[in-house]
Amino acid sequence: MNRQQRAIAIAVLPPPVKSTTEKERKSNSFHRMFPLLLLTLYALASVVRLACSSPFPSSFVQASASSSTFSAESRQESESLKTHVPSETHHLEAYEENPVAAAPPCSSFIDGTAASTDEAAAAFVCCDRSHIRSDLCYARGDIRTDFASSSVLVYGLKSSAERIRPYTRKWDATITRTIQEISIRPGNGSGGSQKGCDVRHEGVPALLFSNGGYTGNLYHEFSDGLIPLYVTAQRFRGEVVLVVAEYRPWWFARYRPLLERLTNYQVVDFRRDRRVHCFSEMIVGLRIHGELIIDPWLMPNGNGIRDFQALVHEGYNAVAQSRPSPPAAESPPFLRPLVRSTRREPPGRCSRCRRPRIAVFVRKRSRVLVNQRELVRACQRTGFDVQIIEPKRDTPLDVIHRALVPADAMLAVHGAAVTHFLFMRPSSVLIQVVPLGLEKPAEEFYGEPARRLGMEYVAYNITPEESTLLKLYDRRSPVLVNTNLITNRGWLEMKKIYLDKQNVKLNLTRFGKLLAKTYSHVCGAGLHEELNDTEHIIL
């Protein structure tokens, strides 16, 4: 082919085409770079924006006058984003916008520790049901009693009714069911008839509680009633009206010296007083701390059981001053004449101006001291003057109080009569004779409370040979040798055997050693120092 023909052939050929692989490579590179470019531009814009509006001083950011408006707007936007980092302190701090104050607990209204608010005049009812022993409710507003329906009416109340049985043994369902139920409910609205006030108690709150349950048993009258009443009412300093459901006239007569020191007003019989009593505040129920105790840490003013005892002494001392002591020959049948000691004390042996005195409580039905006469003689030989007390339900407490105040020691078999230790002086001695199977209630009901009162407490746990149950059961019976097996079956089983069937015949040789230690204590020697050598007596 000549030169001219080759030139023509080259001119006719199509232009060279790039390979498909090279095109795809360039396309993918572009797609990867485009988002990266956008991200870079967005980051640069953000840096410039934050730099211009930064609240922190910076050497490389200078705000110009022309950009002041933009900077202010940007600063507002950035501040709206800062919810945890303050601009100056750099501390992490979480907070809530427009915080709402939490409502105070109901217990603070009952105890009088709730702060006053702008809504103090509004009708209000709350209940504290957190305690295993008792429920309490608090009402505020236009409050009126309605004896016919066992109700407390609160006019203007918008919440639903509350029901409560105001007794301090909530955990004891059997007895709680017998307590009168009180309904705290809204009164009739403005369109309905409103009960008129027969008695208006201006500015004086009410305290409503039940006098039912185990009232009639001295222990329960103090543990379930009077001490919780003191715990709940003493903060008012007499400026409170006591409203009593299941009111018992004999109870009021018996404890009038104490009630008059808790209230300056006449007690209201909730069931029989047909008048409408009007209040602006009311507490329904009593607060209880435990068995015959007051916990100062739970009291707003730190009062304890000794403060309650001071009130008891004040009340019954006032009665004693108004009622002269009867001659010894005319002592009431429940208070026998004092039996003098037969011991001839060497000079200087007992550093006292008179003989030590021991008060011995006598039982008649169960847990009786079978050898009581021998016990009295043992006390005499030890050096004690002996005061025998046989209390009954109608026994005036001021007379028993008068007999116990001068006593240096008190001796009683486990039972309600041991409650009289509340009349004793601190540092005096309480000797509780504990029958078989009753060690736990003896400690819980009387041992711990006596120690809290400042007394020297001694538990004399009897042996099977000192129990009359030995005549009813085999010596190897669990009733005698494994009492926990019986008491773990429940209260009724324990009551049937150990409370109702059992009497006590003291081993006076064994018990006499305890009397000697007690005598040494009240004469000035330390009881606890000597008890270390008598573990076989104090079990």
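Modeller: A salt bridge here is a side-chain nitrogen of Lys or Arg within 4 Å of a carboxyl oxygen of Asp or Glu. This is a predicted model: local features need pLDDT of at least 70, side-chain atom pairs count only at pLDDT 80 or more, and totals for chains, interfaces and linings use all residues. Residues are numbered from 1 along each chain as its sequence is written, and side-chain values use heavy atoms, with hydrogens and water left out.

Colleague: Which residue does arginine 261 meet in a salt bridge?

Modeller: Arginine 261 lies in the loop between H7 and strand S9 (268–269). Helices (H or I, at least four residues) and strands (E, at least two) are DSSP runs, numbered from the N terminus. The partner lies in helix H8 (residues 305–322), so the pair ties together parts that are 53 residues apart in sequence. At 3.4 Å, N to O, the partner is glutamate 314.

Colleague: Is arginine 169 buried or exposed?

Modeller: Its side chain meets that of aspartate 172 in a salt bridge of 3.9 Å, N to O. Buried means under 20% relative accessible area, exposed over 50%, partly exposed in between (1.4 Å probe, protein chains only). Aspartate 172 has 13% and counts as buried. Arginine 169 has 9%, so it too counts as buried.

Colleague: How are the planes of phenylalanine 124 and tyrosine 138 classed?

Modeller: The structure holds 16 aromatic pairs. Rings of Phe, Tyr and Trp (its six-membered ring) pair if their centres lie within 6.5 Å; planes under 30 degrees apart count as stacked, over 60 as edge-to-face and the rest as tilted. Here the centres are 6.3 Å apart and the planes stand at 55°, so the pair is tilted.

Colleague: Which helix holds both tryptophan 251 and tyrosine 255?

Modeller: Their ring centres are 6.2 Å apart. Tryptophan 251 is buried at 4%, and tyrosine 255 at 0%. They sit four residues apart, about one turn, in helix H7 (residues 249–259).
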